[in-house]
Amino acid sequence: MGFPVLDIIIFLPLGAAILVALLPKSTPKSVVRWLGLGAAVAELALVLWMVIAFKTGNANAGFQFTSHQAWLSPLSVAWYLGVDGISLFLVAMTALLFPIAMASPPGERSSRSYLGWMLLLESACMTTFLSLDAFLFFVAFEVTLVPGYFLIVNGDGPRRGYAATKFFLYTFAGSAFLFVGILATYLLAAAHEPSGTKASFDIIALARGAVHLPVADQELLLLAFGVAFAVKMPLVPFHTWMPDAYTQAPTGGSMVLAGILFKLGAYGILRWGIFLFPRAAVNLAPLALTLAALGIIWGSVVAAMQRDLKRLVAYGTVAGVGFIVIGLFGFTTEGITGGIVEMVNHGLSTGALFLLVGMVWERRRTYSFSHLGGLQSVAPILGWVFMAVIMSDIGLPGLNGFIGELLVLLGTFITHRWWAVVATMGVVLGAVYLLWAYQRVFHGPAQAINQGVRDMTWAERAAVAPLLAGIIFIGVYPQPVLSRIQPAVDHLVAHIEYADPSFKIPPSGVGHGTFAVPADQVVDVPAATATTATAASTGGNP
Amino acid sequence: MTEAVQLAAGADCTINSVTANIAGLCSAKGSISIAVSYASIMPLLVLGGGALVILLASAVMPKRRYPGLWTVLTALIGAGTVIDGLVQWSDLNTFTGVPLTLGDQIIYDHFSAFFVILVGCATTIGAAISDSYLVRENLDGPEPYILMLLCSAGAVLMAEAAGLISLFLGLEILSISLYTMSAYHHRRAASGEAGLKYFILGSFSSAIFIYGAALIYGATGSTQYVEIFSFLVANTLVHAGVLLAGMGLVIVGLGFKVAAVPFHFWSPDVYQGAPTPFVGYMAAVAKAGGFAALVRVLMLALPTEAANWRPIIWVLATASVLVGSVLALVQSDLKRMLAYSSVSQAGYVLIGLQAGTTQGMTAVCFYLFTYTFMVVGTFAVVGVLQGRGEARNDLSSVRGLASRSPWLAGAMLVLLLGQAGIPLTSGFLGKWVVISAVIAKGQYALGLIGMLGAAIAAFFYLRVAFLMFIPAGARAASTLEAGAPEGEDEAEAAYGGSDFQTIAAAGLSGRDSALALRAPPAIRLRVPGATAAVLAVCVAFTIFAGVSTPVLSLAHTITLPWAP
């Protein structure tokens, strides 16, 4: 094996977190701060190197940089990491957001525990995205709760204890289903393995066995997985923990909670839900799509009614997650690619929004619209940056949001037309609440108290700049991103078509067979049947 | 007469000859002379002999000549037991003889050796945390250590017993020592109350157990596990009522020892009243002994009745997990809360037992082993926090611990997260193996109930964690003086307060509970050296067993002498 880049990506922040926790109390604050930030920046550099070194093309659709070590072998668990197009940019986004979030002011609490928990959270999030072993995935997925909890508790919201506990318990209860689901999948899938093979939690082995399960079982298992991920995302009926958690956390905490933690749910449903149980996913797609469409409408409407800027942004994420799910459950290459791009976009723009909201708080100590207004004239750069980020969220062509939303709507329109239509209305609603918020905060006559607000400092500009760069880069030149995502997604679509013969993308569709899949590349399909699957997916190529 | 017995026994065995193994067991019968295999009973000799040595030495030594002598001796005896257990373990890896020794009263197998190691560990760390407590409370003396060693011997005997009679011997040795230890703090009324309650209810349960054993004997003609099993394999009972009643009563009696719902009513009072370090020890050892006995009886003697006992255990398990977690939510006393928490932990062990498979049995062993270190460590922290005379047992005593004593808070955090079942701790792996055992049997509902119970339980562990990590004193005081801005402190104080309803309505009625919540006095916490060492061991073990293989492999090697 080569350079163990993935292991280092996981252990670098973990080691830094332990170091920060163990430094003697007399260490100056600046040393702690630079140590933590330095580790996060080194991590970013490492991840950027990996993104560049990542091989594109259909021949490289599988997992790259894999690392397979023995771990807890009595439980048939292994330390198995790998990255493919689906997880690559989520890892990159995580590495980008964390240093920025760590640089933001930690609130009243000690910066030391804040940095320590942040680094621990980064390590856990990376493990979640990189893990190819169901046990390891679950461990990392759960471990994120502990630093998440303490980040909220360390904030300065008035109800932070309540919010943190609610966050922890909701997710923990959801994970109970995932826990049982993973164990059940493992045991049921093992029954379909050829005798002599050792059962394992390896994602490929699980998928190979799970395909053979009765459809009713698959649906139940997918629902069990889905509950955990839906709570984490959060999909609409499970979202009530979210506004509290996001508003009570400090700025950096909200950034990573909204920007990264809920991507764990969206990523989980794609990697561990749709991939393991494709037939069930196709059958249950109407349910997921309906919840997602409901989330878009509900999130936008509730966001529009908020009188508090931070709560508005928090509810906006409910709408954002709806788009992602709509894309993923379209099962076309465009839809799923769009969903992944949307995850990254949403991380960037929500992260940036929470950062900007935090800057407003730093200046005015309030989030209330009634106390804000007219900031554009006194802080023009803050206003323009805010505008740019909002535009990205709304989906202005030339910015990243447009690419994601277009792919999502296009992809899903082919297979699930009416949900895509409803989602399109969500784009309009998104524009309504965001622009209205912008108007109330930045336009109008400035109250006397807002006259003295200073503009963005250079440090703040430096913090926002990488996010803006990402937003513009993906909007203007998405090709490097898409070319890395597509091979993996093509595989996934072929896998779905193979597993569910009744599911066919309509031949006239735009999204059909755009990317041909060579027979030997289909993830887990025996060669003979794979040809049929591939033939089906390429047959109607116009 | 002897010949007749021998004939009958021989006939039994040849007719039944369920496995070659059992035939081997039976052929050892019939001889009058009892061959003593000292290797198999060495742990009992070490523990019991150690108790006698301390007893004698305390009679001839001047009082308080060497402070800490009894602690060191007890810890050494405990360590000796662990070493002996390990020796037994390695011996057993190559052992091919008959597993029944000492007139068929003792089973010599990996299961026994595992519990020897477990009980030895619990004795060592239990003794190490007791010294500072006993000195602080002016209770120092050899008696608790003698009782502790006897209690450990009882627990080991419960695990090693090959029949209901020797099991009952172990049970009584364990129980009577624990009654006395609970009442040992003679200046605290609560301690006497705890001892008395434990004694009365415990005696009842012992009587119930022995009645059950008598009924099983009546139904099957033996009290030996192997013969009960052979009889039930070979014969179908026309009227199974007597056997089932006996089985039920035995489960009740042992269910009491492990504090499973609905036989848990003694445990909060006893945990609250009994001296804190003894509670930690008791929670570990009494559970270990009780569950070892349950596994032996249900899986060795009565595996044929699994269809009847599995539903009973199902009910006990779910009730323990749910009732334990829910009632722990509303406790304001730290020790009472931990009592209910240990009730819910017992529920998870029962879940593993419910599977009725070898996998479930090894899960039970692993869970109990990891729980030992978590619970003793937790009570060690409580013992430090409560101060002289157990003055501060309420939840507010942990308030602001992280700023007063970060290392202690960190240790407590790991132990609490372990009990809540957060990954990377041994508590998570314990839950994982237990739940996977029942899921392998297709019991999805039980697994799900168990994990949802864990989510409920996480709430009260988190509440302690939250209280530890908010600043002590200062903020509560400012609430009273200035009135908190934006209701911040009301919400916070209400959250940390004792009343569940108040928490739900945080921010509305918060001020009252803020008044009620007194900040702990700003005393300097002094963590005694031995306690600190035990805490380090417990925390290290909790993390080590959660991320690595050795303990898990140890548990996975365990097999019972005849497979269920």
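**Ground rules.** I am working with a predicted model, where local features need pLDDT of at least 70, side-chain atom pairs count only at pLDDT 80 or more, and totals for chains, interfaces and linings use all residues. Residues are numbered from 1 along each chain as its sequence is written, chains are lettered from A and ligands numbered from 1 in the order in which they are written, and side-chain values use heavy atoms, without hydrogens and water.

**Confidence, chain B.** I looked up pLDDT (the predictor's confidence in each residue, from 0 to 100) and found an average of 85 for chain B, with 84% of the residues scoring at least 70. Residues 1-21 of chain B stay under 50, and the model has 11 contacts beyond four places in sequence for them; a contact means heavy atoms within 4.5 Å.

**Helix H3 of chain B.** I found a kink of about 35° in this helix (residues 38-60), centred on B:Leu44. The bend is the angle between axes fitted to the seven residues ending there and the seven starting there; helices are DSSP runs (H or I, at least four residues), and strands are too (E, at least two), numbered from the N terminus. B:Leu44 is itself among the buried residues of H3(B), as are B:Pro43 and B:Leu47. Buried means under 20% relative accessible area, exposed over 50%, partly exposed in between (1.4 Å probe, protein chains only). Their cover includes helices H4, H5 and H6 and strands E1 and E2 of chain B.

**A:Thr333.** I found this residue in helix H14 (residues 333-364) of chain A. A:Thr333 counts as buried because its relative accessibility is 6%.
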